[in-house]
Amino acid sequence: MAKLALLFLFALPLLLSLTSLLPLHCNAFSVDRPTDRRLLVLVDDLAIRSSHSRFFSSLQARGYDLDLRHADDPGLALRRYGQYLYDGLILFSPSVQRFGGSLDLAAVLDFVDAGHDLILAADSSTSDLIREIATECGVDFDEDPAAMVIDHTSYAVSETEGDHTLIASDDFIKSDVILGDKKIEAPVLFRGIGHSLNTANSLVLKVLPASPAAYSANPLMKLSSPPSLTGSAISLVSIVQARNNARILITGSLDMFSNRFLKSGVQKAGRSIKHEKSGNEQFVTEISKWVFHERGHLKAVNVHHHKVGETNEPSMYRINDDLEYSVEIYEWSGSSWEPYVADDVQVQFYMMSPYVLKTLATDHKGLYSTSFKVPDVYGVFQFKVEHQKLGYTSLSLSKQIPVRPFRHNEYERFITTAFPYYGASFSTMVAFFIFSIVYLYNK
Amino acid sequence: MAKSNASDAQALIRSLRSAYAATPTNLKIIDLYVVFAIATAIIQVVYMGIVGSFPFNSFLSGVLSCVGTAVLAVCLRSQVNKENKEFKDLPPERAFADFVLCNLVLHLVIMNFLG
């Protein structure tokens, strides 16, 4: 009896420690709370901890657990025993050649493929490893290692720096989801390398393109040939939203996140307004909110369909039935699920091609519904909702339902257009009867 | 010439009428029945021409009932006609019985095909 009690006492702490490994951990990124929680920040110079302290402290104030490590740290790991230790990765280590620990290019790409988010900041000293990660995400940095983005019309006016590599840019993408609904008044300061996007890639977007007069070249040497990257093809800040809803932010300027740029004033060349504070702080705060799923994350639940007038969901419809379809869509606001309001969510009744395409009407409490008539074709159909909006997670719902033709006793019994034929047949029978009487009893 | 044509036609019609008046009454009753059946069939064909042949089985059933019963009546007429040498030995009761039975079968089929 005592031995049993001792065994139980021994087993209890073991059991408790095992449960902490299970995904019931309430602080982790989960379907119910999609905002990331644990972030791994990799730096190549621990001085970044202090030079970018405002950005990091704003993240911590929003509730993230930051784990700031040197990129060469031999204890680095993203996964342990098949579970991811972090929900998001911030790479502020542009010059790192090899990551420490078990991290490498494949590990970072697996991390993103598993649906986790990434912020990647490059610099004028970017290594091949960082360039490869960016290329795998759909973004190509300028191949010349000494090139920086130079703009002689959109530079930030300053007393010290005269080579126009410090750029003030305010040509933001127009999206309230990505950049917040408050307009960023001051331009954003940028100094670093530019990248270009593959035009065939539909998942990557330019959040901040360079002005049409910008080009990417080495500022210390004279230009011997026209630069390969020019104008608005250069992107300063880009985002990628993968099909599994992982979000990636790629930028060529680590200084954009630094305390110096966040606090400094800015005056764009050719403009007379001198802003007291650059738009950097608002820009990086809002875009990090988007990247870490504090905004623009949708979930669709409770797909229901039923015949008009009934409430249960049938397993099969008949052609020319009237049916109603409804789905509830909610948007994550950072702390709770709010009803999603949009007027362009559509449902398709699809079999190889959409036979019916209807826009769902919303009651502004998250319920989207519509009703339509099943087409005059039988087969196996799907209710498909495909909603892809800039900055929002993509919704892709599909529910299969068969549609049968009429049973032979479901046709209308008497066809109205055939009444003359019915009448003619019966009148002929009556005429035959009368004729036979008249003929037989005729004198 | 036209006048003579017109008067020829009138003379023809008059002679046909007087010849027809000489036929026995029972044959005239059969003729009336045939005319009724064919008229009904023509009405149905005109109706189909207007509306289209949507329940084609109903159309066929209706037209066939009229035409079928008209054909059977014509057979009856030729069998009971005393001037017809072919059916000299056929009793008219037998002809009428055949007529009735065939009509019953015809109308049974028509009712089934009417839909």
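The report below covers the basis of the values, the interface and the cysteines.

## Basis

This is a predicted model, in which local features need pLDDT of at least 70 and side-chain atom pairs count only at pLDDT 80 or more, while totals for chains, interfaces and linings use all residues. Residues are numbered from 1 along each chain as its sequence is written, chains are lettered from A and ligands numbered from 1 in the order written, and side-chain values use heavy atoms, without hydrogens and water.

## Interface between chains A and B

Chain B contributes 32 residues and chain A 21 residues to the contact (heavy atoms within 4.5 Å). About 2,300 Å² is buried between the two chains, with carbon and sulfur atoms giving 78%; buried area is the accessible area (1.4 Å probe) that two parts lose on being put together, summed over both. In chain B, the most area is lost to chain A by B:Ile29, B:Tyr47 and B:Phe96, together 23% of what that side buries.

Between chain B and chain A there are 0 salt bridges (a side-chain nitrogen of Lys or Arg within 4 Å of a carboxyl oxygen of Asp or Glu).

## Cysteines

The whole structure has 0 disulfides over all chains (cysteine sulfur pairs within 2.5 Å). The sulfur of B:Cys66 lies 16 Å from the closest cysteine sulfur, in B:Cys75, too far for a bond. B:Cys102 is likewise in no disulfide, the nearest cysteine sulfur, that of B:Cys75, being 8.1 Å away.

B:Cys66 counts as buried at 0% relative accessibility, whereas B:Cys102, at 36%, counts as partly exposed (buried is under 20% relative accessible area, exposed over 50%, partly exposed in between, with a 1.4 Å probe and protein chains only).
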